[in-house]
Every structure is written in structure tokens, then in C-alpha cells.
Amino acid sequence: MSSYKVGDTVTGKVAGIQGYGAFVALDDETQGLVHISEITHGFVKDIHDFLEVGQEVKVKILDIDEENNKISLSIRATESVKPANKTSNKNEQKGADEGFNTLRDKLQEWVKKADK
């Protein structure tokens, strides 16, 4: 465990999954826990939606408790969050408007059929 330091980013393999987090093997002798809140940005209802046993993951070491032989890890800390891009938001809004326009056109068609 002494070869790892807080702040290090390393690659490990998911060794087990529990409802509260995933155990990640950093090497043959060292394992750490990625708490469910450290899986990704945003809400995680089911860890299995993001990870599976045997999957390689990049993790950041958040804390090392040598007394209790525990390492806290984070996958989320290795991911960059992109700020909202106003251009893409406009494109998304345009796409949403087009969807409503299609519905609006269909509604008029349905109203005409209902009047007959």
C-alpha cells in the first residue's frame, strides 16, 4: 500500500460490486473502494449501469487509511465535466422545437379528421 499516494491516478480492475460501491484491485495485493457517489458526476441509482466485474477503470486515490488498511478511490475525479456550451444548447432547443412542430402539424391533422 505504501507505493500509492493520495492524488495518484492509476488503472485498476473492478473486483466486486456492492450496493454502496465497487471494489477495485489496484494490483495483486491492494484493493480500494469507489463509493457510489464517486462513480460518476450525477446520480447513480444502480452501479451495474456503469461498471461490471473485470472492467478496467481509471481511478484517483482520495484517501489512504493505513491504520485500517483502506483506500478510498474515485472514478468521478478522473472525468472532466464540460461546461454548458451555449451553441449546443441552441441546437438542442432547435431540435426540440422541430419535434413540437411535427406534433403541432399532426394535431391539426387529427383535429380535421375528428371534425369529419
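Trainee: What makes the place of L103 a helix?

Mentor: L103 sits in helix α1, residues 86–115. A helix is a DSSP run of H or I with at least four residues, a strand is a run of E with at least two, and both are numbered from the N terminus. Residues 86–115 are such a run, so the name α1 applies. This is a predicted model: local features need pLDDT of at least 70, side-chain atom pairs need 80 or more, and totals for chains, interfaces and linings use all residues. Residues are numbered from 1 along each chain as its sequence is written, and side-chain values use heavy atoms, without hydrogens or water.

Trainee: Why is L103 called partly exposed?

Mentor: Its relative accessible area is 45%. Buried means under 20%, exposed means over 50%, and partly exposed is in between, with a 1.4 Å probe and protein chains only. The value of 45% falls between the cut-offs, so L103 is partly exposed.

Trainee: What makes L103, L107, W110 and V111 a nonpolar surface patch?

Mentor: Patch residues have over 30% relative accessible area and no salt bridge; nonpolar side chains (Val, Leu, Ile, Met, Phe, Trp, Tyr) are joined within 5 Å, like charges within 9 Å. At 45%, L103 passes the area cut-off. Together the four residues make a patch of about 400 Å². Areas come from the Shrake-Rupley method with a 1.4 Å probe; for residues, only the protein chains shown count as cover.

Trainee: Which elements does the chain hold, and in what order?

Mentor: There are 1 helix and 5 strands. From the N terminus the order is β-β-β-β-β-α. Of the 116 residues, 24% count as buried.

Trainee: How do you know that β1 and β4 pair?

Mentor: Two strands pair if DSSP finds at least two bridges between them. β1 (residues 9–18) and β4 (residues 56–65) have 5 bridges, in the antiparallel sense. That meets the cut-off, so they pair. G12 has V57 in β4 as its bridge partner, and V10 stands opposite V59.

Trainee: What joins β1 to β2?

Mentor: Again 5 bridges, with the strands antiparallel; β2 is residues 21–25. V14 is partnered with V24, and I17 with A22. A hairpin through 2 residues links β1 to β2.

Trainee: What about β2 and β3?

Mentor: They are antiparallel too, over 5 bridges. F23 stands opposite L33 in β3. The hairpin here runs through 5 residues.

Trainee: Buried or exposed: how does E38 count?

Mentor: E38 is at 15%, under 20%, so it counts as buried. R76 is at 29%, so it counts as partly exposed.

Trainee: Why is I36 called buried?

Mentor: I36 is at 19%, under the 20% cut-off, so it counts as buried. I36 also lies in the loop between β3 and β4. Its C-alpha is 9.8 Å from that of I75, 39 residues apart along the chain.

Trainee: What makes up the largest pocket?

Mentor: It holds about 290 Å³ of space. Its lining has 14 residues; closest to its centre are Q31, G32, N69, K70 and I71. β3, β4 and β5 each give two or more residues, and β3 gives the most, with 4.

Trainee: Why is such a space called a pocket?

Mentor: On a 1 Å grid over the protein atoms alone, a pocket is an open set of points where a 1.4 Å probe fits, with protein on both sides within 12 Å along at least five of seven lines; lining residues have an atom within 4 Å of a point. Points are joined across faces, edges and corners, and the volume is the space filled by probe spheres set on them.

Terms used: Salt bridge = Lys/Arg side-chain N within 4 Å of Asp/Glu carboxyl O.
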